[in-house]
Amino acid sequence: MSVVLTDFADGVAVITLNRPEAKNAVNLDLAKALAAAIDEFEERSDLTIGILTGAGGTFCAGMDLKGFARGERPSLPGRGFAGLTEAPPSKPLIAAVEGWALAGGCELALAADLIVASTDAKFGLPEVKRGLAAAAGGLLRLPKILPYQLAMEIAITGDPLSATVAHHHGLVNRLAEPGQALTVARELAARVAANGPLAVRATKQVLAMSAKYTDPDAFVAQREFIDPVFTSRDAKEGATAFAEKRSPVWSGS
């Protein structure tokens, strides 16, 4: 079974993360498969908008920490985490979120242009709880959407944000009943796909550029602060503690 599933029809590309046994955590195989799916979505002239979702009632639990503990990094050069976060498609993308969108999973949702979430969905950047930092765009994009103090609280406590609160602050476009996020996302996508594809693509690009929603210079600049975190003893300890289902013991190094 492929770790990424695709369904292309009626101008809409539905791309599904398909590792439900791991809550759709991203390993290197999934990152490569998602990048390939995004490339096909970009190249096909019959597709105007995409939807990214997760199988099994969870959007994405982020990076596969067991793989990280073994030394695997599920990022692709020039494309970022999961082959997406640093180079989103030029066409609009909707994140259809059920359950948890955590860490890199939250950053995948933030890399989308629109978010539809079930009322019981939760978003979060819990990297600090594992001795890591939200380096895949979370720290760059979240304060462009949420008030600074709320974004800061989420980022440094690692505590989750409910979909209803996220909707209140504009992070989520549409709320759906549990189990209906993809259905509502398809309805929203159909409204976009009814429009001129070249106009939609250009509009997305100009609006994203105007807001600097994906800022390559910012991704480069953050590495001065982020890279030492990912190579630290604490990062290794956080991932190992997660795999061993115990509390981490921090050394501050």
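Residues are numbered from 1 along each chain as its sequence is written. Because the model is predicted, local features need pLDDT of at least 70 and side-chain atom pairs count only at pLDDT 80 or more, while totals for chains, interfaces and linings use all residues; side-chain values use heavy atoms, with hydrogens and water left out.

The largest pocket holds about 1000 Å³ of space. Its lining comprises 45 residues, of which M63, L65, F81, A103 and G104 are the closest to its centre. Here a pocket is an open set of points on a 1 Å grid over the protein atoms alone, where a 1.4 Å probe fits, with protein on both sides within 12 Å along at least five of seven lines; lining residues have an atom within 4 Å of a point. Grid points are joined across faces, edges and corners, and the volume is the space filled by probe spheres set on the points. Helix 9 (216–230) makes the greatest contribution to this lining, with six residues. At least two residues each also come from other elements, including helix 2 (65–69), strand 7 (100–102), helix 3 (104–111) and helix 10 (233–243). Helices (H or I, at least four residues) and strands (E, at least two) are DSSP runs numbered from the N terminus. By residue class, the lining has 23 nonpolar, eight polar and 14 charged members, with Ala, Val, Leu, Ile, Met, Phe, Trp, Tyr, Cys and Pro taken as nonpolar, Asp, Glu, Lys and Arg as charged, and the others, Gly among them, as polar.

The second largest pocket has a volume of about 530 Å³. Among its 21 lining residues, A112, D113, L114, K204 and L207 are the closest to the centre. Helix 3, strand 8 (114–118), helix 4 (138–145) and helix 8 (197–211) each give two or more residues, and helix 8 gives the most, with six. This lining divides into 14 nonpolar, four polar and three charged residues. Helix 8 itself has 15 residues and spans 21 Å from first to last C-alpha, close to the 21 Å expected at 1.5 Å times one less than the number of residues. K212, with a positive phi near 50°, follows helix 8.

R44 is partly exposed, at 27% relative accessible area (buried is under 20%, exposed over 50%, partly exposed in between; 1.4 Å probe, protein chains only). Leaving aside neighbours within four places in sequence, R44 is in contact with F8 and K91 (heavy atoms within 4.5 Å). A polar contact of 2.8 Å joins the side chains of R44 and D46; the term denotes a pair of N or O atoms within 3.5 Å, where within protein one must be able to donate a hydrogen and the other to accept it, and residues adjacent in sequence count only if both atoms are side-chain atoms.
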